[in-house]
Amino acid sequence: MARPLLMWYGFLGGAAAWALQLVLGYGIEDSACSQGSSDTKSWIVLVTVLLGAAALGSSVAAFLTWSWAERRGDARGAVTFLGLTGMLAGVFFLVLIALGGLQLVSLDSCHQG
Amino acid sequence: MTTVAYARRTTEPTVEAAPRSASNGWWGMVLFVATEATLFTVLLASYFYIRFKTSSGWPPDGIADPKLLRALVMTALLTASGFVMYAAETGIRRGRQRALVLGLGATFLLGLAFLGLQIWETVVVAREFTPRTDTYGSLVFTITGAHSVHLVVGLLLLAWVQGRAWFRAYTAGRHLGVQMAAMYWYFVVVVQVAIFVSLYLTPRI
Amino acid sequence: MEAHVERLEKVWAEPAGIVSFLTSVDHKRIGIRYLFTAFAFFIAAGIEAMVMRAQLARPGERLVSPETYDQLFSLHGTTMIFLFVTPMLSGFGNYCVPLMIGARDMAFPRLNALSYWVFLSSGLFIYASVPFGLAPNDGWFNYVPLSDKVFTPDKNIDFYTLGLIFITISTTAGAANFIVTIFKLRAPGMSINRMPLFCWAVLATSFAVIFALPSLTVANTMLELERNWGFHFFQPAHGGDPLLWQHLFWIFGHPDVYIIFLPAIGIVSSVVPVFSRRSIVGYEWLALATVLTGIVGFGVWVHHMFATGLPQISMTFFSAASFMIVIPSGIQIFAWLATMLTGRPVLKTPFLYVLGFVVVFVIGGLTGVMFAAVPFDQQATDSYFVVAHFHYVLFGGAVFPIFAGIHYWFPKMSGRMYHELAGQVSFWLVFVGFNLTFFPMHISGLLGMPRRVYTYPGGLGWDAYNLLSTIGSGVLAAGILVIALNVLWSLRRGPPALSDPWGGNTLEWSTSSPPPHFNFPVIPIVRSADPNWDVEDRRQDALRLERGELLLADGHQTLATTVLEGEAEDELHMPSESVWPFVLALSLSVVFFGLLMKLYGVAILGCILVAGAIAGWHRPQRELQDQ
């Protein structure tokens, strides 16, 4: 049971983490700004850091899946494939999450764009 | 044409006739449920979107907080029907035809009771506000209405499967129709829970 | 061996005539129908464009009224997106996916037929508005409050909302069908990493459809309710928000452009290795890029709303994702280029169109990246610059690959070769015509020309560019005419084609041109990602035919395999001809007609007919498995 879970987390975990960051981050900011406050910084930091870690974790999980497949032998290469692509995907989504959090450095108001 | 080999080779794969993983019909229902679940996610997201954009109170002025009791009873009934459906499914997995027929029937009745309560709820609520009152009304009626439509489809599915069960169409090893109807029914139950939490509970936070 | 094939032919035979036409569930016939129907809508949308270009050729032209012009651009966009590109690519998917994975049909053959009949019905539904002068007229994204009852009181928008809800049934059913087919019906040994990249593309697209279309359905339903039943969703005076429409539309609308783009690049990934005469470079990268594009495509929708006054901080999420989404596409371009440069290219028509795709799509991608920057977007949005951008990515990214696919698979589908010189002439006309039409729009856009204007005053510096665009549209139309004539002529007079005229690497080239109804006499066993180049394996297939192994001739049968590894699991029985898909599509038409005309009794009758059709469809049949 653990192996398939690890494998799918490795392949899809980065995407799920990024999607969650987008929905939570955008949701928090949009509702806060509509209500008149702009005190969202700490939430965004929390969301970005936690979900960034989750994306990184998915790369690690994918790596573990890949090395397990290498050791055990993967006749048709399907698990190796998921491991390799999962590693790349995890890094890609980590960058995406970080970029989404970049706003914390330079912007901090509900100022209309 | 020369081969530029890429993936690894293996020995000849064997063909076994015993199905091991989920069937086509199962996948088809999963995908259908996925798309309908997305529909409800979008509806509820629209509800929260409008709500967080509304700086005055929620529900808007002139509309009271949604009453909990009837909705709680409805949700409890439907949740119970989910467990009954599960019992029916477990029953046929062990080859128990009676458990299947009784379970399907009970699920149907519980669903029908829910529908009756939903209609009553709608009529009562409509005395206070309608979809034409404002966006709150439109959203509430559209969301619960969409759920009711899905529930009615679920009742029709249950009736169909019930009919087939009477003719002993299902066995312990082959009851895909039951699995598919059950999966759809669980979806209907889960959506109701989400609606109850979103529309009835969260405005009180 | 002949006895085996004869048995298959008998089981799978479809009689000629109108009954067979209405009841066929053969994915190849349905696929070809999709192609012809979608191409017909393409011509219609093209004519709409030609009229627009004629109207804009000179300043102050009076060829059409502003009201007519509104209908022209709205119908053009709606038709191209919903009735041409998406169904056209569905058509290729329908035809090619079962063949490429070594299956005998799609997972749900009757649902497949339904998808086609519903597509046809919904297209006719929308176009029924035209003779009444009631075509949709508020743009293909139909913003409120313009599309609300108060500003568009007539039925134009109801044709739009109901027509799109109608076609969504077709697209969603098709997506579910593709996913289950690709997951479960692949040939033994075809693990997920050996499946053709075209199938990866269709898989990613289909998942995008499952999750994106509901948002459009919700938006259209809300608008219908607001327009006709007095509901309120988008009106600030009643607590609503017009931006809700924009959000709901674009949450669908942006993934939709990837729903369009991904199958098209699947075609590119099919053509490139064959015409470079080498295995594709970077299979894993291409598969991953396809999946990433499909996923990240869901996170950029607000970039269509950068000019609506949203808070800066929220826009940055979407700006970041809009920049990053370029990366997978870039990787794909490099993988294809690497394949071409390390291969030995054959410059035939399909390959030329792929080269055209690379050039045009990359240009479109570059202007797209520019739009990812909020400040630039806010200057250039709703100008002709964006019109140029999206035509470069849509025409470049989808239509060029479609034209490549038409020529590439024409021999397989028809059993005849098209005329190569005509193909090459068509390419140059299309390529030159396209660029002449759309490149000047970058300039007129930057010079301030807004989109969706039915005319413009002279002396603003836009005149020459508009005239060039109009001339270009004529050249482009000529190129498309050549394609159509080539296809029609070659269907009659083209020389017979081999089963494998190109030296293809995927399984559709291992069977005859056109394939028999049952596709393959035996289910092939696959051991690499280029199965048709594995000569020894294909010889083994022929030997197994003689032995009758994996023949599966007891009815309409195909093989089910596991999702990841492609291990054979089960022998499936598929439905054969059925009239129910056609009847169900007709019943749905009754429902939508009733809703359009506000004849709710008719709509309810339609629902009863729908229930009846579904019941008839599922009437238990003895030879089928419990489906």
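This is a predicted model: local features need pLDDT of at least 70, side-chain atom pairs count only at pLDDT 80 or more; totals for chains, interfaces and linings use all residues.

Me: In what order do the elements of chain A run from the N terminus on?

Reply: They go α-α-α-α.

Me: What's the radius of gyration of chain A, and what would a compact globule have?

Reply: Chain A comes out at 17 Å, while a compact globule of 113 residues would be near 13 Å. Along the principal axes, the C-alpha atoms of chain A fill a box of roughly 60 × 25 × 20 Å.

Me: And how much of chain A is buried?

Reply: Of its 113 residues, 51% are buried. As for contacts in chain A between residues at least 6 apart in sequence, 78% of them link residues at least 24 apart.

Me: Is C:Tyr34 buried or exposed?

Reply: Buried, because 27 other C-beta atoms lie within 10 Å of its own, and the cut-off for buried is 20 or more.

Me: Which residues does C:Tyr34 touch, leaving out those up to four places away in sequence?

Reply: C:Tyr34 touches C:Pro87, C:Ser90, C:Gly91, C:Asn94 and C:Tyr116.

Me: Take C:Ser90, then. How many residues apart in sequence are C:Tyr34 and C:Ser90, and what's the distance in space?

Reply: C:Tyr34 and C:Ser90 are 56 residues apart in sequence, and their C-alpha atoms are 7.2 Å apart in space.

Terms used: Residues are numbered from 1 along each chain as its sequence is written. Chains are lettered from A and ligands numbered from 1 in the order in which they are written. A residue is buried if 20 or more other C-beta atoms lie within 10 Å of its own, exposed if 12 or fewer, and partly exposed in between; C-beta atoms are placed from the backbone. Two residues are in contact if their C-beta atoms, placed from the backbone, lie within 7 Å. Helices (H or I, at least four residues) and strands (E, at least two) are DSSP runs, numbered from the N terminus. The radius of gyration is taken over C-alpha atoms; the globule rule is 2.2 Å times the number of residues to the power 0.38.
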